[in-house]
Structures are given as C-alpha cells and as structure tokens.
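I opened my notebook today to look a few things up, one entry at a time. Have the structure on screen and follow along with me.

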Amino acid sequence: MLSKIITGTALSIAVAFASAAQTKEIPDTSYQLPPLLMTRSGKAIHTAADWEKWRRPEILAMFGQYVYGKTPAKKIPLHFVTISINPAVLNGAATRKQVRVYFSKDEKYYMDILLYLPNINKPAPVFLGLNFGGNQAIHADTGILISKRWFRYGEGAAYTDHYATEASRGTQSADWPVEEIIKRGYGLATIYYGDLQPDSSNSVNAGIAPLFYKNGQTKPAPGEWGAIGVWAWGLSRAMDYLETDPAVDAKKVAVIGHSRLGKTALWAGAQDKRFAFVISNDSGEGGAAITRRKYGETITKINKAFPHWFCDNYKAYNDREDELPVDFHELIALIAPRPVYVASASEDQWADPTGEYLSAWHAGEVYKLYGLTGLPGPVPPPVSRPVGNGSIGYHLREGGHAMRLYDWQQYLDFADRVLR
Ligand code: GTR
C-alpha cells in the first residue's frame, strides 16, 4: 500500500530509513582497538620482519581460535576432472570450463569450478569467488551445469523446495558482470558455496567437514572451523586447481566475495598467501567492520542468526566485543603486503560502512612497515569517490547490499594497477 503512494526518491529514503532503524543509531566511539604493532606479551613491532615473525602468526592464530575456528592442517589428495570445455563462448571472447575438484578417492566429496577465461593467448589473471545461487545463476549461458545441491532459497520458480530449477539461470548475473571482466582481460572462477557446506545451522555434516573428523568425532570442536572456515578452505582448493591450469596466471589471482562470502574471502586471503589481491564487498560484521563499534550487526546478532558461521568459541564474545582478543582491522592487516580492497554501500548500514572503512584505514599501519601506502586518513570518502592509490582501496557505492557493476569496475581498475 505504502509503496503505491510514495515514488522514486521518497521510496529510497523510506528504505534507507527502515534499514537505519534496524541499526543502533550511534556507533560506540570510545572503544580501544587491540594494537596492531604490539604482541600480546608487550613486544613492540617496528619492522616487517618482526611483524612476520611475531605478530602476524599470533593474530592469525587468534582469528582461528576465537573467531572462524582453526582450519585443519591435514592435506587431502585432490583430483581434478574437466567436465566440459567450450573454447568459444560469449561471442568467441572466452573459453568456458567446468572442472570438478574431488576431495576424496571415492568421489563422494567435490566442488564444481566454473571458469571463464579470456581468449587472449596468454595466461590470464583471474578473479575467484564463491557464489550464492549456484554457478548457473551467475550467467544465462545455458552450457552451465545446474547445481543439484541444497539452497537456502526455498520458494519460487528459480529455487523450488530448496533446489535450483532452469529458471535460476542468470538470476544473479547483476553481481557477476562476466562480459565486462572478460573484456578487461581477466578470467572469472566461481563455485557454489553450498558445494562445501550447506549454509544452514544443522548441516555441518552435510559438507566436507567430516573428511577431517578424528576418532569418532561428530562435529567440529569449539576452536575448530565453522562454515566460513570451510568455505575459505574451498577457495584455497580452487587455488590448488588454478595453479595447474596453464591458461591461468596463478600469481595473479584475486579472491573476492560479497557479504558472508566477503567475510570468507578475507579469511581465505588472510590464511593463504597465494592470493595476490583480496576483495571484500559489503562484508560487514565478522568481515571488514570494526566489531567494537557495535553499530549495525553485532556479534550477538550474527551468532544468533547464523550460529554455524563462526566457531563455537566466538559465542563467548556475545555482548563482549571489547574483550575479543582481536578486531577486524587485524584481519585486513594479515593480508599485507598484498593489495586489499574494501567496499561498502551507502544503504547498507547493517554492515557499518564507516566501520569497514576504519578497519581498512587502521590496517595501513602494517602496510607502512613494508614501505607501502594505505588509505589517506580516518575520514571515509563520500559516495562514488573511490580512494586509495597505494595498496589499500575503498569505495562507498550508492545503494544497497549487493555487488554491482560499479563495484567491479573499481576492482578491475585497482587490479589493473596492482596486478599488472
Ligand atoms: C545478513 C547477515 C550479514 C551478511 C548478509 C549476507 O543476513 O546479517 O552478516 O553476511 O546476511 O551474507 O548477505
């Protein structure tokens, strides 16, 4: 009814007001961040070598122990099977491959990588990211296999009873501008995140986690990985494949993700140094945003709504943000000296755009140890004004929680500078 009588701008103001109303109006600004350049035992860090020797491993271990849960160290044998290859898709501009990555000899556990590579006669730099809707949702290309996995989306023609139909093809193409990526000389590799673990609170054993259980274990221990950790592990396994593909320049792989999958991209990039560039699109709480600001989503809210994303130890910090041994500027700092890009959207107050900016800005302290430049200062830029001409980039897109062409254009421009 209401939307019938208000139009255009008035409607978007109403929407912005509604989403702001879900957040705490005033962020906490009295917080004290854990210092980046001081170890827990009080040792000051002055050089990149000291950072790498003392502080980086300690922060990485804390994100494992208290936030995402530890990723198992065990290496499992993989094998790759190319399911399909078409050397001339998108009007001949690209090659499309679908590669199944098996995690077990019995072929019970696997994920499917969909790969578009520009036909440029040399190894291409690639953006790698998990997707929400199944590979078939990222583009209308009818050659893409329709995922047979379970989806969070349950109702409607595209996903019926939690399974994808033909109608799901291309439904998320606005988030994945494949033609633009190819035109700019980059490849795209993507995987449905549900291939690794269904995004549901009671589905841990329906994913790959049981491959790592020891002695009758039935679920991950309180300090072992949650779903974000499992998804991030999958990105590293995709990297294992990309390193074997001669059409890919594996030294130039950017890991990217939106929202919960932006949290995942950051955690994957923090752990796996093979990712040359890391991109967080609207990752918010438990991703780029400073949790001590307690603005928008909080630890309690996220653990209540998504108890399976983080490790069980994280629940001890519900309503106790200030006691968490880390904050999320440190997650971004773990990526140094590799380039990182954080993006927010103006109507996405739930993800705390200012908190996302501040994290990226604070992380600059570590980039400085390497002689690299971070963001210009503590004040976030206005909408549509990307900042950062060094190793850290940031922009605030006008609009809501999504990954849009505008976002990709900034990532591509930044990649042109830092990867080429
Ligand atoms: C929201 C959640 C956010 C964000 C988002 C998404 O419901 O509160 O943390 O991750 O989902 O993944 O789209």
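**Entry 1: words first.** I count a residue as buried when its relative accessible area is under 20%, as exposed when it is over 50%, and as partly exposed in between, using a 1.4 Å probe and protein chains only. I noted that this is a predicted model, where local features need pLDDT of at least 70, side-chain atom pairs count only at pLDDT 80 or more, and totals for chains, interfaces and linings use all residues. Residues are numbered from 1 along each chain as its sequence is written, and side-chain values use heavy atoms, with hydrogens and water left out.

**Entry 2: G133.** I looked up G133 and found a relative accessibility of 0%, so G133 counts as buried. G133 sits in the loop between β4 (124-131) and β5 (159-160). Helices (H or I, at least four residues) and strands (E, at least two) are DSSP runs, numbered from the N terminus. Which residues is G133 in contact with, leaving aside its neighbours within four places in sequence? I wrote down F151, Y153, Y159, Q172 and Y192; contact here means heavy atoms within 4.5 Å. I also checked G133 against A250: they are 117 residues apart along the chain, and their C-alpha atoms are separated by 26 Å.

**Entry 3: Q197.** I found Q197 in the loop between β7 (187-192) and α5. Q197 is buried, with a relative accessible area of 2%. Neighbours within four places in sequence aside, Q197 is in contact with S203, V204, G207, A227, V230 and W231.

**Entry 4: two helices.** Two packed helices are described by the angle between their axes and the distance between the axes. I took α5 (residues 227-242) and α6 (residues 260-271), whose axes come within 8 Å and cross at roughly 60 degrees. That makes α5 oblique to α6. For the words: angles under 35 degrees count as roughly parallel, over 145 as roughly antiparallel, 65 to 115 as roughly perpendicular and the rest as oblique. The axes are lines fitted to C-alpha atoms, for helices over the stretch in contact, and the angles run from 0 to 180 degrees between N-to-C directions. Which residues meet here? From α5 I listed I228, G229, W231, A232 and L235, and from α6 R260, L261, K263, T264, A265, W267, A268 and Q271. The residues of this contact divide into 8 nonpolar, 3 polar and 2 charged.

**Entry 5: salt bridges.** Side chains of opposite charge can pair when their charged atoms come close. I counted a salt bridge when a side-chain nitrogen of Lys or Arg lies within 4 Å of a carboxyl oxygen of Asp or Glu. How many does the structure hold? It holds 27 salt bridges.

- E58 and R55 meet in one, at 2.7 Å from N to O. They are 3 residues apart in helix α3 (residues 48-68), so about one helical turn separates them. E58 is partly exposed at 21% relative accessibility, whereas R55 is buried at 2%.
- K252 and D249 pair at 3.8 Å, N to O. K252 is partly exposed, at 27%.
- D327 pairs with R292, the closest N and O atoms being 3.1 Å apart. This pair links distant parts of the chain, 35 residues apart: D327 is in the loop between α7 (299-305) and α8 (329-333), R292 in the loop between β9 (277-281) and α7. D327 is buried at 0%, and R292 is buried at 3%.

Methods: Nonpolar A, V, L, I, M, F, W, Y, C, P; charged D, E, K, R; others polar.
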